[in-house]
Each structure stands twice: as C-alpha cells, then as structure tokens.
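Let's take a walk through this model together.

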Amino acid sequence: MEQIPMVDLKGQYLRIKDEIDSAIQDVLNSTEFVKGGAVTRFQHNFETYLGVKHVIPVGNGTDALQIALMSLGLQPGDEVITPTFTFIATAEVVALLGLTPVVVDVDPRTFCLSVEAVERAITPKTKAIVPVHLFGQNANMEAILALARNHHLFVVEDACQSTGSEYRFADGSVKKSGCMGHIGCTSFFPSKNLGCYGDGGALFTDDDEIAQTAKCIANHGMTVRYHHDRVGVNSRLDSMQAAILDVKLRYLDEYIANRQRAAARYDLKLADIPQIVLPAKNNQSTHSFHQYTIQVPTENRDSLQHFLKGNGINSMIYYPIPLHLQKAYQDSRYQSGDFPVAEHLSNVVLSLPMHSELSDETVDFISQKILDFFDGTQV
Ligand SMILES: *Cc1c(COP(=O)(O)O)cnc(C)c1O
C-alpha cells in the first residue's frame, strides 16, 4: 500500500534538485565549510525577507532559544513564562539556565498561550515571556506586547514553527513572525517551514546591542579572537546548510501558499463532520500551517489514528503530554488538572499530513477516510 507521509522532503528536493545540488557543489569547491560567504549571503537575504535588522544564524532552534535567554542578562531564579502546550525545547532552555519556568495554559481555539493566563502568572520575579507561535499561527502578540511593556518584561518569540507567518497590528502595521518581540527564534529542522538538510536555527532582533551579545555568546563569548568576555557556547549554522537555505528561502512564500491551499481544502472536505474541531484562525495572523491539527473526541482519537494508519495515512499527536506533566519537569507548584485546556488538547489533537507538496487528490483521499471512519462509528 502506498504510504502517505506527514512531510514529503523527497518530493520537495526533487523539484529544486538542480539549484540545491549546485549550491552544495559551490560550498564543496570553496571548502568554506564553517562561516564564510554562504552563511553571510543567507543571513542578509533572510534579514531582507523578514524585514528585521539582524539575523544571527546558529546551530539549531533550541540553541537559538538558549542564546536568546542568555543575551538578556537574566539571573538564576528569574521567572520566564511559557505555555505548557508546546515542544519541550521552549522550557528546557529555561530550566538549563537555572531560570524558573512558569507555565501557563493556552487558548483552546488557537493552541497559543492565553493572555489572561500570562497576566495572572506575572509576579515581581517575572522577567520574560516566551510565546510559542504553535503550528504556524502567531500568538496574540498585540496583547502580549502590551502586557510586556506595562510590566517591563522581555518577549522572546518561539517562531520555530511559524517562519514566514505574518501578524497585523491594530494600527495596520504588519510584521513577520519572530520579528515582534525583543528576540525571535527559529529552527531550520528539515520538516519546518524553512528547513535545511540537517540542523540549523537563527535568532532575529532589531536591537543592535542584543544582536552583538547574542553573536558573542554563540561564538564562545568571544568578540576579539581568543579574548573571552563571557561564558558562551559554540553554535553555528554550517555553510552547506546556509547554501541550501538560501535556495529554499526563494520558495518559502510558495511553500506556505501550498500549505495554506491544502489546509483550505481540508477545511472544506472535513467541514461536515460534527465530531471534529478544525483549526481556528486568529484574524490578526496568517497561518503557515506547519501543522494542520484537528481535535477528535478522546474516545475516537487513537482509533481514528489507527484506522488512518491501516489506510497508509500517517498522522501525529503533537503533543501528547503538556510540560507540567512531563517527568523531568515535575514541580510541586503544578498538578494534573491545573491547566485544563492544555490537558484536554493533549487528549484530542491529531495532526494530519501537511507539507508543501501535498496534492488535492491526497487531501481528498485522507478526508474521505476520516469521513468513512466517522460514518462507521456513528451508529
Ligand atoms: C522545532 C522546535 C524547537 C527546536 O528546534 P530544533 O531546531 O529542533 O532545536 C523549539 N520550539 C518549537 C516550538 C519547535 O517546534
């Protein structure tokens, strides 16, 4: 049976193979494997695309988040607010740095952090908010930035899933995801909206001083060679990945448009199934559909996933356990039941195949199987 994958990296590569192969060959010829022209070129092209002053390429998205928090001069014990419904990296770096993660619940419609919950979680120790633009849609940044201004907090956007999404503010201005707070972080993991062929990530900022600090931290805390002004890390985007990303950046808007087209078709085909909830739209944000995530009643979710698998259709549960219930993050401050929305979502979410190469026929086939499943269970 033909398998329908979550992502189709092979199909995507084959469409741009000549350009990619020649970009890789150029790096091989140059032997500038680390740093060098390819990285600088991509960095500048990405700055132009995003409309942001500084892009700082690093080794991966998790490093980007860690370096971002290290750049803000936070002290052990300072509190950092993150949603409990996200990929672990968001809270992991907070914990690693000896900062205190304060988790909050999310909005049941958009899966992004609830502004009311953030407001309730602010204490005199709070120093930063890390909104996650989950599944490709920006969190309610208008309200989050206002809250941060009022309480003098830093905002570090986790834009690992939302590269290329846009957000429209009430005054009509439009910004790219990750370019609204003090720092934005993204990942170039192969399956992300803008993915390379290995690991990669970047920080975005308009602030010259933060940019300087972040660059220094990513390079062993060094500004002048072998003079180390602070404790840093070693985190670099390699030239091969940068060359690949520079080619793929030219296609990013097309990739996002293809994802949006596939999502609109899922919306249409699945609209009449009363048991499921389709992804909701935040009017101020475009949605780049890193994931197309439906909500299925708990009692049907795993059997639907099994049924789809039996028809060659892969699907994923992002994420099955909220942060506050993860073993490594157990904390006497939090119990099961404290974050009902996130806990509910972890029992009902199901992400369907979604990528830049998804055809109408495949969306129709997947949708029909979901319809068949519910026809069969409706007795
Ligand atoms: C992918 C991802 C990360 C981490 O990126 P890596 O490049 O894998 O380190 C962090 N946060 C979110 C929300 C992600 O989806």
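S315 sits in the loop between α11 (298–310) and α12 (340–348); helices here are DSSP runs (H or I, at least four residues), numbered from the N terminus. This is a predicted model, where local features need pLDDT of at least 70, side-chain atom pairs count only at pLDDT 80 or more, and totals for chains, interfaces and linings use all residues. Residues are numbered from 1 along each chain as its sequence is written, and side-chain values use heavy atoms, with hydrogens and water left out.

Is S315 buried or exposed? It's buried, with a relative accessible area of 7%. (Buried means under 20% relative accessible area, exposed over 50%, and partly exposed in between, using a 1.4 Å probe and protein chains only.) Setting aside neighbours within four places in sequence, S315 is in contact with M6, Q305, L308, L350 and S351, where contact means heavy atoms within 4.5 Å.

Now for helix α9 (residues 239–249). In this helix, 10 of the 11 residues are buried, including I244, L245 and V247, but also D246 and K248. What covers the buried residues of α9? The cover includes α1 (9–15), α2 (17–30), α3 (37–50) and α10 (252–270). D238 caps the N-terminal end of α9, with a side-chain oxygen 3.1 Å from the backbone nitrogen of M240.

Next, the ligand. There are 14 residues around it, and G61, T62, Q161, S187 and K192 come nearest; a residue counts as near if one of its heavy atoms lies within 4 Å. Three of these make the polar contacts in the table, a polar contact being a pair of N or O atoms within 3.5 Å; within protein, one must be able to donate a hydrogen and the other to accept it, and residues adjacent in sequence count only if both atoms are side-chain atoms.

| Residue | Part of the residue | Distance to a ligand oxygen |
|---|---|---|
| G61 | backbone N or O atom | 2.8 Å |
| Q161 | side-chain N or O atom | 2.8 Å |
| K192 | polar side-chain atom | 2.9 Å |

Taken alone, the ligand exposes 380 Å², and the protein buries 91% of that (areas by the Shrake-Rupley method with a 1.4 Å probe). Helix α4 (residues 61–70) gives the largest share of the shell, three residues.

Finally, the cysteines. How many disulfides are there? The count is zero, a disulfide being a pair of cysteine sulfur atoms within 2.5 Å. For C179, the nearest cysteine sulfur, that of C185, is 11 Å away. The sulfur of C196 is 12 Å from the closest one, in C160, so that's too far for a bond. C179 is buried at 5% relative accessible area, and C196 is buried at 1%.

Definitions and conventions:
Helices (H or I, at least four residues) and strands (E, at least two) are DSSP runs, numbered from the N terminus.
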